[in-house]
Amino acid sequence: MKVKIIGKRSGTFTDRTTGEMVSFGKMSVVTPFPIDQTGCEGEQALEVSVKPNVLADIPVPSEANLDFNSKGNLIAIELL
């Protein structure tokens with residue numbers, strides 16, 4: 001899926017069950033609606049989970065192709 005990366009954020013929180021620190025990363029992206037989705041026009045904004053070590057190397061703003069697995073998890077980022 002081709003996207004425009006318009007923002008990113010990372011952080012940590014404490015897991016309430018284990019007490020361990022958990023790191024996270026999120027990218028804010030904009031992409032056209034799928035062609036087969038009726039009743040939509042313009043673009044949609046999405047937030048995509050990304051491993052923090054990968055997020056550090058993503059420039060903002062930029063364009064990329066994102067590849068997801070069958071469970072909807074991001075598996076590849078190709079910067080354009």
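## Ile75 and its surroundings

Leaving aside residues up to four places away in sequence, Ile75 touches Asp67, Phe68 and Asn69. This is a predicted model, and Ile75 belongs to strand S5, which covers residues 74–79. Its relative accessibility is 53%, so Ile75 counts as exposed, given that the cut-off for exposed is over 50%.

Strand S4 takes in residues 62–68, and Ser62 sits in it. Is Ser62 buried or exposed? With a relative accessible area of 15%, Ser62 is buried, because buried means under 20%. Beyond residues up to four places away in sequence, Ser62 touches Val3, Lys4, Ile5 and Leu79.

Setting aside residues up to four places away in sequence, the contacts of Glu63 are Lys2, Val3, Lys4, Glu78, Leu79 and Leu80. Val22 is another matter: the C-alpha atoms of Glu63 and Val22 are separated by 28 Å, and the two residues are 41 residues apart along the chain.

## A cis peptide bond

Which peptide bond is cis, with omega near -5°? That would be the one from Val60 to Pro61. Pro61 is placed in the loop between helix H1 (52–55) and S4.

## Strand pairing

S1 (residues 2–14) and S2 (residues 21–32) are antiparallel partners, with 10 bridges between them. Across this pairing, Arg9 stands opposite Lys26 in S2. The hairpin of S1 and S2 has 6 residues between the strands, and Gly19 takes a positive phi near 80° there.

S2 also runs antiparallel to strand S3 (residues 43–49), and 7 bridges join them. On this side, Pro32 stands opposite Glu43 in S3.

## The whole chain

How many helices and strands does the protein have? There are 1 helix and 5 strands, and they come in the order β-β-β-α-β-β along the sequence. The C-alpha trace spans about 45 × 25 × 20 Å along its principal axes. Of the contacts with a separation of 6 or more, 41% involve residues 24 or more positions apart.

Of the 80 residues in the protein, 20% are buried. The accessible surface is about 5800 Å², and carbon and sulfur atoms hold 51% of that. As for charge, the protein carries 8 positive and 10 negative side chains, with the centres of the two sets 5 Å apart.

Definitions and conventions
Residues numbered from 1 in each chain as written. Predicted model: local features only at pLDDT ≥ 70, side-chain atom pairs only at ≥ 80, totals over all residues. Heavy atoms only, no water. Helix = DSSP H or I, 4+ residues; strand = E, 2+ residues; numbered from the N terminus. Buried < 20%, exposed > 50% of the residue type's maximum accessible area, 1.4 Å probe, protein only. Contact = heavy atoms within 4.5 Å. Areas by Shrake-Rupley, 256 points an atom, 1.4 Å probe, with all protein chains shown as cover. Lys, Arg positive; Asp, Glu negative; His and termini not counted. Charge placed at Lys NZ, Arg CZ, Asp CG, Glu CD. Pairing = 2+ DSSP bridges.
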